[in-house]
Amino acid sequence: MHIVIVNRWPRFTEGVRWDHELTRYEEFIDHEAHQVSYVVDRVGATGVRAARERIASMVEVDDISSCDHLLAAVTEVTERVGRPVDRIITLSEFTLDAVARVRQALGIPGPGPEEVAVYRNKMRMKELLVEAGLRVPHFAGCESVEQTLAFADASGYPLIVKPVDGAGSIGVHLIPDEKALRALWETQEPGGNEIEEFITGTVHHVDGFVDADGKIVFQVVSRYLNDCLSFEGGAPLGSVVVQEGRLRERVEEFTQSCVAALGMRGMPFHLELFVTGSEELVFLEVAGRIGGAEVPYLIHKLFGVNLFEVWLKALVGEPLPATPKNGDPTGGWVIIPKPRVLPAEVVSSVPMGSMVGSVWRELVPQPGDVIDASGGYDSLQSGRGIVVHDSEAQAEADVRHLMENFRVEFAPR
């Protein structure tokens, strides 16, 4: 096959950064059995580790999330290699839509725009789940100021407004009252957003893989400590893996019902849901990719399962690696957000491991390091750490201790 890999992720060589170390295209896709080409941007070029003689072609683009740029690049790759593209692969949520449109334009097998919309378009996914009888927040598309005000009058405040195809709580707004909703529409157009009921509860996330028959073959249930929206507002974000119990069983069953209703096949998923005070399970959203932040690294440490390996093998039609789930280990992770004023230079910091003995890995900026606004959860933050434990309660206590007490001193740059 002629396989094109679209990559926007870096990989690092200095040893302290583990971001994207599990992708390893050169290991999980046979570059001798297949002709493998790459389309990358400037940052993504550093994530290509295959020897150049094993690469059929590589094209760099300015905007890797642009369908036009990708289409031109894949067309160029086809001309260089002298054969059509049989598979085009991307692992990043921010390029799923553009790659789906390229598949459609060039007749390349794989998920097209309508299929990708099921796990990218937040309205479409909830419409399908409502049809299946699963609980989701009451929601509506944002068509006009008047229509959103009418929805709010019927549903009551507070409410959530979010981009239909957003990720990582970027552009999400908590609307406490009518004044705030009107103020929001003075700064942006309603179109491209949805408005939904505010659910009070603890947000859980479930990360796993569903096989070609729609059966979940591996899943890990975790509980956020704080939430992604609060992180965007400047608060630390944490998560802990949930150990065995009836609630975890119910969440796993609910997750299987959701991915089945959405028709997800042969792919990973990152599903988020609320567990309310009465333990009602309410769907929040799902992504057809591997969870971000420290999720895949903690899963790999606890269970020995590399979800990137599983996904890449599935994408090229190879048998799935074993996904054992032996024992009932737990752990968690924490991200301390960047300072509000950027860029900023680190004046002093202390290791997370000196505060909590269960820290397995940490990325703490050192004096003299400069933090800027680039990157997401996996960039250089004020601090990132992963803890491993045999007790969920103790893992949570350790993560919370770091969330509440870890400090880095900065000076404006």
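Buried, on this tour, means under 20% relative accessible area, exposed means over 50%, and partly exposed is what falls in between (1.4 Å probe, protein chains only). The model is predicted, so local features need pLDDT of at least 70 and side-chain atom pairs count only at pLDDT 80 or more, while totals for chains, interfaces and linings use all residues. Residues are numbered from 1 along each chain as its sequence is written, and side-chain values use heavy atoms, with hydrogens and water left out.

**Stop 1: Ile 55 and strand 2**

Select Ile 55 to begin. Is Ile 55 buried or exposed? Ile 55 is buried, with a relative accessible area of 10%. You will find Ile 55 in the loop between strand 2 (35–40) and strand 3 (57–60); helices (H or I, at least four residues) and strands (E, at least two) are DSSP runs, numbered from the N terminus. Leaving aside residues up to four places away in sequence, Ile 55 touches Val 36, Tyr 38, Val 48 and Ala 50, where contact means heavy atoms within 4.5 Å.

Now show strand 2 itself, which is mostly covered, five of its six residues being buried. On one side, strand 1 (residues 2–7) pairs with strand 2 in the parallel sense over six bridges; two strands pair if DSSP finds at least two bridges between them. Look for Val 4, which stands opposite Ser 37 in strand 2. Strand 2 is also joined to strand 3 by four bridges, and these two run parallel. Here Tyr 38 stands opposite Met 58 in strand 3.

**Stop 2**

Strand 6 (residues 159–163) pairs with strand 7 over three antiparallel bridges, and Val 161 has His 173 in strand 7 as its bridge partner.

Then highlight helix 6 (residues 145–155). Which residues of helix 6 are buried? They are Thr 148, Leu 149, Phe 151 and Ala 152. Seen down the axis of helix 6, its buried residues fall within an arc of 160°, so they line one face of the helix; the arc is that of the directions from the helix axis to the C-beta atoms. The cover over these buried residues of helix 6 includes strand 5, strand 6, helix 7 and strand 8. Turn to the other side of helix 6 to see Glu 146, Asp 153 and Ala 154 exposed. Just after helix 6, Gly 156 takes a positive phi of about 90°.

**Stop 2: aromatic pairs**

Rings of Phe, Tyr and Trp (its six-membered ring) pair if their centres lie within 6.5 Å; planes under 30 degrees apart count as stacked, over 60 as edge-to-face and the rest as tilted. By this rule the model has four aromatic pairs. Select Phe 218 and Phe 303: their ring centres are 5.8 Å apart and their planes stand at 80°, so the pair is edge-to-face. Phe 218 lies in strand 10 (residues 216–225) and Phe 303 in helix 10 (residues 295–303), so the pair ties together parts that are 85 residues apart in sequence. Phe 218 is buried at a relative accessible area of 3%, and Phe 303 is buried at 11%.

Move on to Tyr 224 and Trp 333, an edge-to-face pair with 6.5 Å from centre to centre and 90° between the planes. Tyr 224 lies in strand 10 and Trp 333 in strand 14 (residues 330–336), so this pair ties together parts that are 109 residues apart in sequence.

**Stop 3: strand 18**

From strand 14, step across to strand 18 (residues 383–389). Strand 14 and strand 18 pair in the antiparallel sense over seven bridges, and Thr 330 has His 389 in strand 18 as its bridge partner. Strand 16 (residues 359–363) runs antiparallel to strand 18, joined by four bridges. Finish on Leu 363, which stands opposite Arg 384 in strand 18.
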